[in-house]
Protein chains: 2
Amino acid sequence: MTSKKIGTLAPMETLSMTDRVENILRDYFTENKFKPGDALPNELDMAKELNVSRNVVREALSRLRMLGMIEARPRKGMIMAQPDLFTGMEKVLNPFILGQNSLNEIFELRLIMEMGISEFLFARKTDQDLTALEAIVANQKDPVLASKEEEVAFHGKLYEMTGNETFKRFQTLLMPIFDHVFTEYSNKKTFVETSNPVTHYDLFLFLKNGTPDEFRKGMQRHLAVYFPVTETS
Amino acid sequence: MTSKKIGTLAPMETLSMTDRVENILRDYFTENKFKPGDALPNELDMAKELNVSRNVVREALSRLRMLGMIEARPRKGMIMAQPDLFTGMEKVLNPFILGQNSLNEIFELRLIMEMGISEFLFARKTDQDLTALEAIVANQKDPVLASKEEEVAFHGKLYEMTGNETFKRFQTLLMPIFDHVFTEYSNKKTFVETSNPVTHYDLFLFLKNGTPDEFRKGMQRHLAVYFPVTETS
DNA sequence: ATTTATACATTTGTCCTACAAATAAAATTA
DNA sequence: TAATTTTATTTGTAGGACAAATGTATAAAT
């Protein structure tokens, strides 16, 4: 196997000490099945063990602390913590930094999710939820053009009704991106006024009295303008 | 308004200098609309400007570097970079650290996404994709019990066929969690053998010759055992 | 002997200084 | 002008120092 192929040649990015220590620490936690609450060695011991300066260890630990992976109690030591899945993602969600392609793909993610929640909504909806949802759609004057507040409240409530906190948090984080891409849509494309648009109120009725299928079809028509063109409409 | 309410009393977590500098820097980038490629001030200037030590600045920068937000070229300076959305998330995806509740919710996320991709699959499927997918299902001996490799390959290919790189990457990251939760399912619950399960091959046929609705219904039955119980099945 | 007071050890957070390495820019020389 | 040398710049890494505060061990007092 003396092939000339030595990789893509690009990824020969020499990692810094900090990068390596960060990886080593994460691997160490995983291999030793560290669980929230478990105590970590102190910084100096780590530095000596790894033959690096305390600075390097602290930079690596600082990263893990930011992610919520570990917690440092001054003068007491560090312990493992329960990280939130999206803490890291939240910090890079900046439309000016993210590429346009990423932004568009995130927007598509929304379409996918809102088409997929139907079963969960019907499985977990409560009368209380429906009442709250009705209040949201009732606050709306113009039945066609929803206000931004109402738009956010309505769709947000749907995510909340899935009973999946992670899912809801994901949506809340992505919301600014949705809005950003939506604004671009509004500016660039001349909107094709659909003949009989499905309003939030229609969706509410589907959710209250209809079936998962009816609701999903309604949602699809509600979001129709954003979908890619399909042969079999 | 001289109420006695002074907050929840809990969130009085005094931020460290590093935490604050990290926030200040991110805000600074956002407010000044920093874009990938833009040059950053050097560390010493930042430290002087913010009245903190270079160590603190470096710890904060180290975090942003980890997220891919900035890039440091030794001896040349730092520039803004294009972060990957999920870099931070990837590092905390550790079943031993994440809570069981999070794990279950992530698993539900998968169900939601796979129910929602139908329209995208039909809008973007190519003959090449279908050929590749057919090869995957053809490799399978037992039509009912899919091997783990085939399972991963089939569902992974579906995500890939949406043409949404972000979506596909998300799924790849979450895969170990899916697998982890799935294993728990297998151990705890005695599986209810569905009378006529929908196989991957069935799904392939729906995707090739059917409609988005047919495919989605098939997918729902394929994943039925994992769904929450719905009144209107 | 029990309680109280004191001293000590521990550990993170922050600051400081120093220097290597390597590149780009500037200055010098041919 | 061209080639060479010098210098300045900036990140990466090392190492020392100390404050603060907490828990623990030690000493003192009743």
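Q: Which residues in α5(A) meet α8(A), and which ones do they meet there?
A: In this predicted model, A:R110, A:M113 and A:E114 are the α5(A) side of the contact, and A:E151, A:H155 and A:Y159 are the α8(A) side.

Q: OK, and at roughly what angle do the two axes cross?
A: Roughly 55°, with the axes of α5 (residues 100-116) and α8 (residues 148-161) of chain A coming within 10 Å. Angles from 65 to 115 degrees would count as roughly perpendicular and those under 35 as roughly parallel, so α5(A) and α8(A) are oblique to each other.

Q: Left-handed or right-handed?
A: The α5(A)/α8(A) crossing is left-handed.

Q: Switching topic: how many residues are in the largest nonpolar core?
A: It has 88 residues, and A:L174 and B:L174 have the most contacts inside it.

Q: What does A:L174 touch, leaving out residues up to four places away in sequence?
A: A:M89, A:L93, A:I106, A:L109 and A:M113. A:M113 is also one of the α5(A) residues that meet α8(A).

Q: Now chain B. How do α7(B) and α10(B) lie relative to each other?
A: Their axes are 9 Å apart and the angle is about 165°. Anything over 145 counts as roughly antiparallel, so that's what α7(B) and α10(B) are. Their crossing is left-handed.

Q: Which residues meet there?
A: From α7(B), B:L130, B:L133, B:E134 and B:V137; from α10(B), B:H200, B:Y201, B:F204, B:L207 and B:K208. By class, that contact has 6 nonpolar, 1 polar and 2 charged residues.

Note on methods:
Residues are numbered from 1 along each chain as its sequence is written. Chains are lettered from A and ligands numbered from 1 in the order in which they are written. This is a predicted model: local features need pLDDT of at least 70, side-chain atom pairs count only at pLDDT 80 or more; totals for chains, interfaces and linings use all residues. Side-chain values use heavy atoms; hydrogens and water are left out. Axes are lines fitted to C-alpha atoms, for helices over the stretch in contact, and angles run from 0 to 180 degrees between N-to-C directions. Helices (H or I, at least four residues) and strands (E, at least two) are DSSP runs, numbered from the N terminus. A crossing is left-handed if the near helix is turned anticlockwise from the far one by less than a right angle, and right-handed if clockwise. Contact means heavy atoms within 4.5 Å. A nonpolar core is a set of buried Ala, Val, Leu, Ile, Met, Phe, Trp, Tyr and Cys residues joined through side-chain atoms within 4.5 Å. Buried means under 20% relative accessible area, exposed over 50%, partly exposed in between (1.4 Å probe, protein chains only). Ala, Val, Leu, Ile, Met, Phe, Trp, Tyr, Cys and Pro count as nonpolar, Asp, Glu, Lys and Arg as charged, and the others, Gly among them, as polar.
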